[in-house]
Amino acid sequence: MIPTSDITGLVLAGGRGSRMGGVDKGLQTFRGAPMAMHTLLRLSPQVDHVLINANRNLAAYESFGVPVVVDSVPDFAGPLAGILAGLEQCQTRYLLTAPCDSPFVPTDLAARLSEAIEANDARIAMPVTTEPDAQGEPRRQVQPVFCLIDTLLADDLIAYLQGGGRKIESWAARHATVEVPFDDASAFANINTLEELHHLAGRR
């Protein structure tokens with residue numbers, strides 16, 4: 001397994017928050033603390049140290065006590081731009097990412113993804129869950145925003161973004177990627193609207 005000392009965590013909080021009315025999702029209060037803080041506290045024990053990717057309200061994120069990195073690609077280019085910002089500042093061989101709007105990040109995310117990378121000689125690992133579709137049938141769901149990435153792929157990601165690419169899965173398909181089954185799909189629940197925020201805040 002990849003040692004914790006070789007992994008940096010990255011909380012992705014650089015989006016527009018369009019589906020939440022344009023507010024900064026990572027700073028919305030969830031169970032008494034900003035959502036991004038929940039993600040940070042979940043990631044921290046699994047990695048050597050943590051970065052936050054943000055593109056506004058930088059002072060608020062800096063108050064969390066960890067370094068804040070800003071997209072080098074302009075115009076809110078999506079999570080891959082945030083991942084690139086993390087790769088550019090990462091001092092370890094691997095980067096583990098999680099979005100700021102997912103407060104239930106699995107506590108064994110790093111361990112299971114790193115084990116899969118080692119076992120499969122892969123460069124990227126991402127979780128996959130099984131969830132019911134509209135008809136109640138099981139549907140396989142990849143969770144690409146939660147991924148463990150070899151930082152040596154940074155140059156290729158720059159080229160992909162410069163070519164107009166934006167999708168994590170499409171970029172990952174260029175490299176040896178392993179998908180890792182996780183049983184608890186709810187651990188990857190993300191909060192996109194204020195309604196979801198209030199609903200999940202009441203969940204045990």
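Is Arg-174 buried, exposed or partly exposed? I looked it up: Arg-174 has 44% relative accessibility, so it counts as partly exposed. My cut-offs were under 20% relative accessible area for buried, over 50% for exposed and in between for partly exposed, with a 1.4 Å probe and protein chains only.

I noted that the model is predicted, that local features need pLDDT of at least 70, that side-chain atom pairs count only at pLDDT 80 or more, and that totals for chains, interfaces and linings use all residues. Residues are numbered from 1 along each chain as its sequence is written, and side-chain values use heavy atoms, with hydrogens and water left out.

**Salt bridges.** I took a salt bridge as a side-chain nitrogen of Lys or Arg within 4 Å of a carboxyl oxygen of Asp or Glu. I found five by this rule.

**Lys-25 and Asp-101.** These two form a salt bridge, with the closest N and O atoms 2.6 Å apart. I checked both residues, and both are buried.

**Arg-140 and Glu-179.** Here the closest N and O atoms of the salt bridge are 2.2 Å apart. Arg-140 counts as exposed because its relative accessibility is 55%. Glu-179 has 34%, so it counts as partly exposed.

**Arg-174 and Asp-156.** I came back to Arg-174 and found its side chain in a salt bridge with that of Asp-156, 2.9 Å from N to O. Asp-156 counts as partly exposed, because its relative accessibility is 23%.

**A network.** Last, I looked for shared partners. Salt bridges join Arg-93, Arg-123 and Asp-150 into one network.
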